[in-house]
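Please look over the model shown here, and then follow the questions and answers below it.

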Amino acid sequence: MNLLFVKLDYQLRKVEYFFALIAGMIALLVMLMVTLDVLFRNLFNTPIVAVYELVTYSFIGMIALGFPYVQAQNQNVVIEVATSSLPAKYKNVLDLIGTVIGLFVIGIIAWQTGISTISSFVGNEYSSGLIRIPIWPAKLVLSIGLTFLAIRLFLDFFLIATNSKNRKDESETTTIQ
């Protein structure tokens, strides 16, 4: 069973890495759109229409697609003041509790986001502005990112429970001085 979780982890990491690459490409597109908008605004006194809306929706995708990758890499913000002196067994229990709470919360949010995505698609929801931009694609990307984060948390629960999760050692932790 342990080998199954490790294999699933390996395959899921490929998908998460792909999502992270897409998030990086979205970041490049956002920088390009904002730069062009500033140039057009300052040089030709003509801003590009709907850049604000496109950048806003792009940020949703950029962040949501990066969530699972960050979780897989154990790079989330962690405050270790209370747990740094605990034995590894207790840290493991706290990691399990935190993972279950995270899975519960993210699972509910992913589920509700999926419902909102379907509602937005069926209701033909658009942004208000000079150019009508459909909202459902941004909601869909958010739903996909959160669903994969929930899958990652579910898998992490089993990896932590079977002591297969690679953790950062105390030597790897960066200390702010």
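Buried means under 20% relative accessible area, exposed over 50%, and partly exposed in between (1.4 Å probe, protein chains only). This is a predicted model, in which local features need pLDDT of at least 70 and side-chain atom pairs pLDDT 80 or more, while totals for chains, interfaces and linings use all residues. Residues are numbered from 1 along each chain as its sequence is written, and side-chain values use heavy atoms, without hydrogens and water.

Q: Is Y90 buried, partly exposed or exposed?
A: Y90 has its place in helix 3, residues 88-122, where helices are DSSP runs of H or I with at least four residues, numbered from the N terminus. Because its relative accessibility is 44%, Y90 counts as partly exposed.

Q: How far apart are the end C-alpha atoms of helix 1?
A: The expected span of a helix is 1.5 Å times one less than its number of residues. For the 42 residues of helix 1 (residues 2-43) this should give 62 Å, and the distance in the model agrees with that, at 61 Å.

Q: Which helices do the buried residues of helix 1 pack against?
A: The buried residues of helix 1 include F5, L12, F19 and I26. They pack against helix 2 (51-72) and helix 4 (136-161).

Q: Which residues is S58 in contact with, leaving aside its neighbours within four places in sequence?
A: S58 lies in helix 2 and, because its relative accessibility is 18%, counts as buried. With contact meaning heavy atoms within 4.5 Å, S58 is in contact, beyond those neighbours, with I26, V30 and M33.

Notes
Helices (H or I, at least four residues) and strands (E, at least two) are DSSP runs, numbered from the N terminus.
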